[in-house]
Structures are given as C-alpha cells and as structure tokens.
Amino acid sequence: MTQRLTLSRPDDWHLHLRDGAMLQGIAPESARHFARAIIMPNLLPPVVTGAEAAAYRDRILAVTGTGFTPLMTLYLTEATDPADVVAAHRDGIITAVKLYPAGATTNSASGVRDFDRVRGVLEAMAEAGIPLLCHGEVTDPEIDIFDREAVFIDRVLDPIRRATPGLRVVMEHITTTDAVNYVTAEPEGLGATITTHHLVINRNHILVGGIKPHYYCLPVAKREIHREALVKAATSGDARFFLGTDSAPHADDAKESACGCAGCFTATNTLSILAHVFEAAGALERLEGFTSRHGPAFYGLPVNAGTITLERREAPVPYPAKIETGAGPVTVFDPGFPLHWQVMPA
Ligand code: DOR
Ligand code: ZN
C-alpha cells in the first residue's frame with residue numbers, strides 16, 4: 001500500500017526571493033508548495049520603508065499570482081522611523097521587521113551597528129505587537145565564526161529582550177544547542193525557525209573531501225551534536241520551533257567562486273527532504289506541526305485551508321539539479337541521500 005501523508009498547506013517563515021530575473025526564475029519553486037512565506041528584505045538596496053515593501057510585494061505577486069501570499073518584512077536600520085513601521089503594520093503591508101547586525105551576511109551592510117540606536121523602534125514594535133526577526137550572529141572579528149550565534153544570544157538578544165518587555169522575537173535559522181536551549185527556556189514571546197539544510201548537514205559536509213560551496217550558508221553549519229539538537233527540536237512537536245527554509249538563491253558563478261556567497265537553495269525539494277528527516281526520526285506525524293501549524297500560531301494567523309499530499313515511492317524521486325533563471329543557473333540543495341517522498345500535484 002502506498003504510504004501517503006496529507007498536511008495542511010505549509011508556510012515558509014523565512015525565504016529569500018530576490019528581485020528581477022532571479023525572482024522570476026525561483027519564486028515558482030516556493031509558490032508550488034507553500035501558501036505563504038515571510039519574505040526577507042535584504043535586496044540591494046534593502047527594503048526599508050512601508051512603500052518599498054508594498055512595491056516589492058506587488059513585484060512578487062506579479063510572478064506568483066495570488067495563490068501565494070508574500071508576508072513582507074522591513075529591514076531595520078539605525079535610521080528606521082518607528083512611525084513608518086507601525087503604519088506599515090497597521091495597514092497590513094508588513095508582518096515583521098528583520099534585524100541584521102551590520103556585516104553579518106549577504107547585503108547586511110545597512111544593518112545595525114549600535115543596538116541602542118534602534119531602541120525606539122523596538123519599543124514601538126513591542127507596543128504594536130510587531131515581531132522582530134533576528135539574524136543571530138555577532139560580527140565582532142574576535143569571535144570565531146562557529147561561536148557567533150551563541151555569543152549573539154548573550155551579548156545582543158538577551159539584553160534586547162530584557163530591555164524591551166513584550167517584544168515578540170523569532171531567532172531565525174538557529175544552528176546550535178545554545179539557541180535551542182535559549183528558546184526552550186522561554187515560556188512565550190520567543191520562537192525559532194529551523195532551515196531544511198541545517199537539519200541535514202554539519203560542518204564536515206562543507207569541508208571534508210573538498211570544499212562544497214553549495215553547503216556554505218550563514219549561520220554556517222556547526223558540529224554534528226548541534227545538528228542533532230536541531231532535529232530533536234524540529235521533530236519534538238514543540239510549537240516554538242517552525243520551518244523557515246532560508247532558501248537563498250545565488251547564481252552558480254557567485255557560489256562557485258574564490259569568495260563564494262552564503263546561501264543554500266532548498267525551495268524545490270524542501271518538503272521531500274523534511275519528510276525524510278522526520279521519518280528517520282520516527283516523527284512523521286509531527287511534520288505538519290513544523291511546516292503548517294506552529295508558525296501561524298506564533299504569528300497569530302489561521303492555518304491554511306488547503307492541503308498538500310506527499311507519497312512515499314520505492315524508487316528515488318527525481319528533482320532538478322539546477323533551476324535555470326534569467327540571472328543564471330541556481331543549484332538545488334543536494335541532501336546527500338536519495339529522496340523517496342514525492343509531493344503530489346495539486
Ligand atoms: O546563507 C545565507 N544567505 N544566510 C543569510 O543570512 C542570507 C542569505 C542570503 O541572502 O543569501
Ligand atoms: Zn535568510
């Protein structure tokens with residue numbers, strides 16, 4: 001008998017769609033499976049005002065059509081106007097605000113250097129119930145790249161949360177036991193997204209047997225014990241953890257380079273990979289919580305009405321190695337094992 005899994009239609013609570021020819025090429029990969037996604041604002045230049053977010057939303061909808069709902073975010077800078085943030089949220093243009101420490105990752109140069117300078121915005125967000133989405137890494141050159149998330153919790157995140165009671169926070173793309181433990185210790189107001197790729201790779205996958213640029217992302221994958229902690233959190237049924245793929249396309253020439261960009265492109269095969277990971281953990285019945293229920297609960301949104309069905313095949317399920325776009329080919333994340341769960345056409 002065919003094994004079949006039907007889930008409420010999933011959402012992606014952390015997604016990079018880019019713009020122009022790249023947006024055109026890769027947005028359908030997400031819209032095919034996901035009903036909604038939180039859209040990252042790290043364009044060049046970044047999306048910093050409500051008006052820019054509305055214009056970007058319309059460019060996305062022009063590609064995906066209305067069957068997909070982009071949930072827009074603003075890129076927090078030291079010049080962000082609290083009134084603009086509150087008005088954009090009140091008018092239904094934005095769902096959240098993204099904090100990039102300046103220099104932490106792709107297109108983060110306009111991010112925050114001095115966290116005291118965004119205190120007024122954070123207070124207005126707490127008051128209006130607007131979530132803050134954190135790229136949780138310090139940028140201090142003294143701090144080893146593998147320690148940057150843990151240090152961010154102590155030096156930046158915890159002080160912000162203590163100074164701004166009521167601020168709802170999502171730690172994005174967590175990669176460490178430190179982050180899992182920090183989130184688990186908080187009864188409310190704090191959630192975390194976990195990516196597909198961080199459930200699959202550890203730092204050996206990037207570096208052993210030759211450098212693998214398509215496994216390089218930020219935060220960088222850590223030791224195996226951390227990956228195991230992420231799998232445990234994702235498959236636990238704990239509603240504080242939900243899917244944010246951080247699917248982040250770069251054209252192959254920008255990845256396969258002497259100074260390669262950070263980002264794994266997982267939109268195409270994320271659901272097949274997740275079904276594999278949850279099945280291996282004996283937690284298939286918890287997949288729907290992770291992909292479709294915990295995120296809406298955190299954001300105070302309804303669970304999607306539609307469903308998506310996956311079927312388990314004996315033979316490996318094929319998927320394209322690359323997505324061809326007008327901005328160049330984009331390599332699809334290779335989990336390193338055959339996939340057997342196939343998303344059925346709607
Ligand atoms: O790997 C990443 N890629 N991490 C980020 O934080 C940004 C993203 C991108 O925009 O390419
Ligand atoms: Zn991201």
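Q: What does His 214 touch, not counting residues up to four places away in sequence?
A: His 214 touches Asp 252, Lys 255, Glu 256, Gly 263, Cys 264, Thr 331 and Phe 333. Contact means heavy atoms within 4.5 Å. This is a predicted model, in which local features need pLDDT of at least 70 and side-chain atom pairs count only at pLDDT 80 or more, while totals for chains, interfaces and linings use all residues. Residues are numbered from 1 along each chain as its sequence is written, and side-chain values use heavy atoms, with hydrogens and water left out.

Q: What makes the pair His 214 and Glu 256 a polar contact?
A: The side chains of His 214 and Glu 256 are joined at 2.7 Å. A polar contact is a pair of N or O atoms within 3.5 Å; within protein, one must be able to donate a hydrogen and the other to accept it, and residues adjacent in sequence count only if both atoms are side-chain atoms.

Q: How many residues of helix α10 are buried?
A: Eight of the 11 residues in α10 (270–280) are buried, including Leu 271, Leu 274 and Phe 278. Buried means under 20% relative accessible area, with a 1.4 Å probe and protein chains only.

Q: Why are α10 and α11 called oblique to each other?
A: Their axes pack at an angle of about 135°. Angles under 35 degrees count as roughly parallel, over 145 as roughly antiparallel, 65 to 115 as roughly perpendicular and the rest as oblique. α10 and α11 are therefore oblique.

Q: Which residues of α10 and α11 meet?
A: Leu 271, Leu 274, Ala 275 and Phe 278 in α10 meet Leu 287, Phe 290 and Thr 291 in α11.

Note on methods:
Chains lettered and ligands numbered in written order. Buried < 20%, exposed > 50% of the residue type's maximum accessible area, 1.4 Å probe, protein only. Helix = DSSP H or I, 4+ residues; strand = E, 2+ residues; numbered from the N terminus. Axes fitted to C-alpha atoms, helices over the stretch in contact; angles between N-to-C directions.
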